[in-house]
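Could you walk me through a few local features of this model? I am new to it and would welcome a short note.

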Amino acid sequence: MFEFGMVVWTADCVMKRLLQLVLFHTAWEMGSGQLHYSVPEESQHGTFVGRIAQDLGLEVSELVPRMFRMISKDHKDYLEVNVQNGILFVNSRIDREELCAKSSVCAIHLEVIVDKPLRIFHVEVEIRDINDNAPIFSASEQILSIAEFITPPGTQFPLEGASDSDIGTNAQLTYKLSSNEYFTAEQKTDEHNKPLALVLKKPLDRETTSVHRLLLTATDGGQRQLTGTVQLVINVLDANDNPPVFNQSVYRVKLLENASAGTLVIALNATDLDEGINKDIFYSFSNHVPPNFRKVFSINSNTGEVTVNGNVDFEDINIFDLQIVAEDKGNLPLSGHCQVVIEVLDVNDNAPEVSVSSLSVPVPEDAPPGTVVALISVSDRDSGANGKINCSLWPPKFPFKLTSTFKNYYSLVLSEPLDREQVAEYGLIVRVQDQGDPPLSASSSLLVPISDVNDNTPTFAQPSYTVFVRENNPPGAHIFTVSASDPDVAENALVSYWLDEKLWPLSSYISVHSESGKLYALQPLDYEEVKLLEFQVRAKDAGLPSLCGNVTVQVFVVDENDNAPVVSQPVEEPPALLVIPAPSGHMLGKIRALDADSGYNAWLRYELHESNSGPWRVGLYSGEISTTRILDEVEGGSSQNLLVVVKDHGKPPLSATATLSVSLVANTQAIKSDARLPRTAGNAKPLADTANLYLIIAICSVSSLFLLVILVYVALRCQSQAKEAMVYGPGTATLVCASEVGSWSYSNRHSHILAGVSGEAGGKSDLMVFSPNIPACAENGKQQDLLCTTVSN
C-alpha cells in the first residue's frame, strides 16, 4: 500500500512538472521572449534565481564569445549571471520596501544582450515580500479627551492606526485593545483604507476614573506574526453638552493635478447645538495627517475651507486621506471628526522620454536587412491614455524601421540594403507621442554612419582611348594619361595601374606609372616598323579583396617625313637611244622611285632640274619622260644627260635625283641595243597602253580591297574589346587621306601592328591611288594638311 501511494505521488509530481513547463512555454510565447523569475527579498548573496542561459536557449560555452551582458534599468547590481554556468543569482541585498515601497507588484527588469548576432532578451525578476517589518505606530502614545456623562455610548473617536511596510497579508493588520469595561477598538472596511476608531461602550465618570490608560496592539497577517503597540491616554473631561457634528462622516472629492495654489477643494461645515462660545467651531487637521499632506493642503480654521497650498502631482501621490477635526471653544472643548478623501485626477503634464542604448555604429554597407542598430526604450510618468506612447521613426523613407521587442522597448533594425556611395550617413529622429489631450511628444536624434565595403570596381571614363604619337619620339616621352575612378573611400578607392608583364614585346614599348596612370613610350617609335600599339591598362584598388577594371588603349604612330625617296633604277645604266625623227609626246623612258614613308610623305612628284634644257618633260606623278615637240633628223648625233628630281610631299619635303643619258640618232644610224628603256616610237605606244591598263586594274582592285578591309577591321575591332592582347600578323595597313589637292589611299604590306605580341615583317609593297578635287577639311578656321584613317586587315 505504501509503494502504491509513492507511485501515485510521483506520477502526480511529474504531471505537475509537465503542466508547469507547458505554462512556462505558453507564457514565453505570449511575452515575446520574456523570462519571469521570482526570489524572496533579503535573500543572501549567491541565492539561486534561475538557469537563465538554458531558459534563453543559449549554450553556456557561447556566453563569453558572444559578449553576454545584462543591463538593469535602475543600473544596480542586485542580480548577476555566472557566465561559467549560466546561472542567475542574487548579488546584493534586496529590500523590497526600499525598492518598490507599497507597490503591489515589485520586479526588477533586466535586458540580456548577446552579440554575433545581436539579440535582446527581457527578463523580469519578481521580488517576493517576506514578513520582515512589524507594525509601527507614529507615536508611543495617543491622547484623547472625552467628556463625562454627556458622551453617549457608541460614540467613535478616530485613532491613528499602525503602518506596515510589507504588502499583502503581511501588511493586513488587526487590532486588539487591552481589557477594560469602557472602550473597544473597531476597524471599518473602506475603499482606500481601514479607519480605526475607539468606541465608547458606556458613559464615563470622571469622579470614578479621571484618566484611562489602555494598550492597543496591532498584529500583521504574516505566517510569523509581528506586532506593534501604542499607549492610549484618555482624559475624562467635565461639562460638555453637544460636540460639533459634520453632516457626513466621509467626504470624497476629485481634484485635477497641478491645481493652482488657493484652489478650493471643499468647504466643510460642522454644527454645534450649544450656545455662545460653546457653539464657535475651530477647524484643523488631525494629528494623524502626515506632514507632507499639510504642505499640499491647508484648512481655514474659521470657515472649514480646504484649499490647495502646494504642488498637487498625480505621479507623486494620487490619493490624499485627510482627517479633519471640528472643535468648539468651550472651557471643556468638544470635537467632531470627519474624513476627506481627495482623489487626484491625472493630467497629461509629462512628456514621453526616449532613451537610446547599444548603438552599434558604423553600420557596414553590406549589412543584411534585420541587423539591429540600436536599442530604444520609451517611458511616460503619466497614467492611462496619458501614459500610452506611440513611437515612430522619421523620415520613414530611410532604410530603417522600429521593431517592438517588449512593452515600451524597441529595436532599430535595418529594413533595406545599404549603399554607402549613395548615402554615407543617415540622420534619424525617433519620435514619441502620448495619447493625452492634447498629446505631448518628444524626440531623439540618431546619426548612423555607414562604413565602406569594397563593392565598386575602378571605372574608366571611356571604354577605350585612341592616342596619336609622332614617330621618333624621345625615349621615356609621356604620351597619354589614363584615369580610373572608384566611388569607394580610403584604401578601397586607392587605384593603381599596371600592364600585364606577359605581353611581350609590348612591354618594351610602353609603360604605365602605377600611381598617376601616365603612359610612357620607352623607346623611339618607328612608323615604318610599328603603326599601331593596342593594349589594355588595368586599374586595381587596394581593398580586400581587390577589384579590377580595364580599358583598351590604341596608340597610333603618326608618320614623320624621315625617309627620302629612293630611285629604283641602277645608277650605272646604259644611255637611252632615241631614233629621230620622233613625234611630240614620244615617251623616252620612266623614272621609278620608292619612299619608305606613308601618305603625303610617300607621295612622290617628278621634276626636271633647272639645269636641263631641250625638248623634254617629265610626268609630275608618273615619272615618264617624253618629248615636248617633234625632233628632226638634223638634231641627230647629239646626246644629253637629263637630271630628274624626285620629291615627296612631306614637310619639309625630301628629294632624290636620277640621271638619264639620252642619245639622239638618225634613222639611218639606228643600231640594235639591248637597252631596257624603249627606244623607238614603234614599241612606246604598246607599252604605255599596257601600263594604263594595269593602272586601271590596280585602281579597281585596290578600291574593292579597301572596302573589304574596312569591314574586316570593324569586325576585328569589336572582337578586340573582349581580349587583353591581340596579334596582327603580316597584312596590309591601308591609310586613306585627304588634302587640298585630293585624296589618295596608300597600302603598305611592311606594316606592324602590335597588340600584346608583334607580328613578323613582310616585304614592302606600296600602291597609291590618287583622286583629285576633293575639298579639304577645316577646323578652327585653319585648313588641315592631312586627314587620315588607318584601316588594317
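1. Some ground rules come before the details. This is a predicted model, in which local features need pLDDT of at least 70 and side-chain atom pairs count only at pLDDT 80 or more, while totals for chains, interfaces and linings use all residues. Residues are numbered from 1 along each chain as its sequence is written, and side-chain values use heavy atoms, with hydrogens and water left out.

2. Let us begin with the sheet. It is open and has three strands in the order β2-β5-β4, with antiparallel pairing. At the edges are β2 (48–50) and β4 (79–82), each of which pairs on one side only. From one strand to the next, the twist averages 40°. Strands (E, at least two residues) are DSSP runs, numbered from the N terminus, and two of them pair if DSSP finds at least two bridges between them.

3. Strand β2 and strand β5 (residues 87–90) pair in the antiparallel sense over two bridges. Phe48 has Phe89 in β5 as its bridge partner.

4. Two prolines follow cis peptide bonds. The bond from Lys116 to Pro117 is cis, with omega near 0°, and Pro117 sits in the loop between β6 (107–114) and β7 (119–128). The bond from Leu544 to Pro545 is also cis, with omega near -5°; Pro545 belongs to the loop between β39 and β40 (548–558).

5. Two residues other than glycine have positive phi. For Glu42, in the loop between β1 (34–40) and β2, phi is near 60°. For Ser358, in the loop between β24 (353–357) and β25 (363–364), phi is near 50°. Glu42 is partly exposed at a relative accessible area of 28%, and Ser358 is partly exposed at 24%. The scale is: buried under 20% relative accessible area, exposed over 50%, partly exposed in between (1.4 Å probe, protein chains only).

6. Is Lys531 buried or exposed? Lys531 is buried yet has no salt bridge, and the nearest side chain of opposite charge, Glu528, is 6.3 Å away. A salt bridge is a side-chain nitrogen of Lys or Arg within 4 Å of a carboxyl oxygen of Asp or Glu. The Lys531 side chain does reach the backbone oxygen of Tyr527, at 3.3 Å. Lys531 lies in the loop between β38 (518–521) and β39 (532–541).

How values were computed:
Helix = DSSP H or I, 4+ residues; strand = E, 2+ residues; numbered from the N terminus. Lys, Arg positive; Asp, Glu negative; His and termini not counted. Polar contact = N/O pair within 3.5 Å; in protein donor to acceptor, adjacent residues only side chain to side chain. Axes fitted to C-alpha atoms, helices over the stretch in contact; angles between N-to-C directions.
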